[in-house]
Amino acid sequence: AAPIQQEFFTMPEYSVLPPEAVGSTQREPVDNRWLMEKRAAALRELGDVSETEKTFMALWNTFVSQLEVQLSDGRLAPALLVFVKECAQELVVANLRNALVLHCTNLWNHGAISASDATHALETYDQQAAAVLCAEGGE
């Protein structure tokens, strides 16, 4: 019998990697513009979602697409904190706290993050929001 050969695939094209590339840390930059355009178009077409939620999800999708690693459930909580810290300015200016609460609730409902992870993300947002507002001359 012929030996079974395991195949590995690239992201996001899902093309088969040649055997000599498996295990290599060298990666070509991936152009995800087409994927981001498809996601943005799909978000715009949603009729039962508010503009605030669409804005939040576009920001989240952009953040996730720029990550170097595949985002699994085990990495969602730390990624969420990085998102809140890195995107604090955009989140605060667009008044997206309620959308963040909804996102955290959805992640918790699906078992992707714990209640304490959600609370920590929201506390981090509140701290970041205070800093952003202070820097802008707010309260």
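This is a predicted model: local features need pLDDT of at least 70, side-chain atom pairs count only at pLDDT 80 or more; totals for chains, interfaces and linings use all residues.
How many residues does helix α2 have, and what does it reach from its first C-alpha to its last? Helix α2 covers residues 51–65, which is 15 residues, and reaches 21 Å, close to the 21 Å expected at 1.5 Å a residue.

The protein has six helices and zero strands, so the order of elements from the N terminus is α-α-α-α-α-α. Of its 139 residues, 28% are buried. Among contacts with a separation of 6 or more, 54% join residues 24 or more positions apart. The exposed surface comes to about 9800 Å², and carbon and sulfur atoms supply 54% of it.

The mean pLDDT of the protein is 78, with 69% of the residues at 70 or more. Helix α1 (residues 33–45) has the lowest confidence, at a mean of 73, and α5 the highest, at 94.

Back in α2, the buried residues are K54, F56, L59, W60, N61, F63 and S65. Three of these, F56, W60 and F63, belong to one aromatic cluster together with F83. The structure holds four aromatic pairs. W60 counts as buried because its relative accessibility is 7%, and F63 is buried with a relative accessible area of 5%.

Helix α5 (residues 97–109) has 13 residues and reaches 18 Å from its first C-alpha to its last, close to the 18 Å expected at 1.5 Å a residue. Its buried residues are A99, L100, H103, C104 and L107. Seen down the axis of α5, the buried residues fall within an arc of 140 degrees, and therefore line one face of the helix. N98 and N109 are exposed on the other side of α5. After α5 comes G111, with a positive phi near 75 degrees.

Note on methods
Residues are numbered from 1 along each chain as its sequence is written. Side-chain values use heavy atoms; hydrogens and water are left out. Helices (H or I, at least four residues) and strands (E, at least two) are DSSP runs, numbered from the N terminus. Buried means under 20% relative accessible area, exposed over 50%, partly exposed in between (1.4 Å probe, protein chains only). Contact means heavy atoms within 4.5 Å. Accessible areas come from the Shrake-Rupley method with a 1.4 Å probe; for residues, only the protein chains shown count as cover. The expected span of a helix is 1.5 Å times one less than its number of residues. The arc is that of the directions from the helix axis to the C-beta atoms. pLDDT is the predictor's confidence in each residue, from 0 to 100. Rings of Phe, Tyr and Trp (its six-membered ring) pair if their centres lie within 6.5 Å; planes under 30 degrees apart count as stacked, over 60 as edge-to-face and the rest as tilted.
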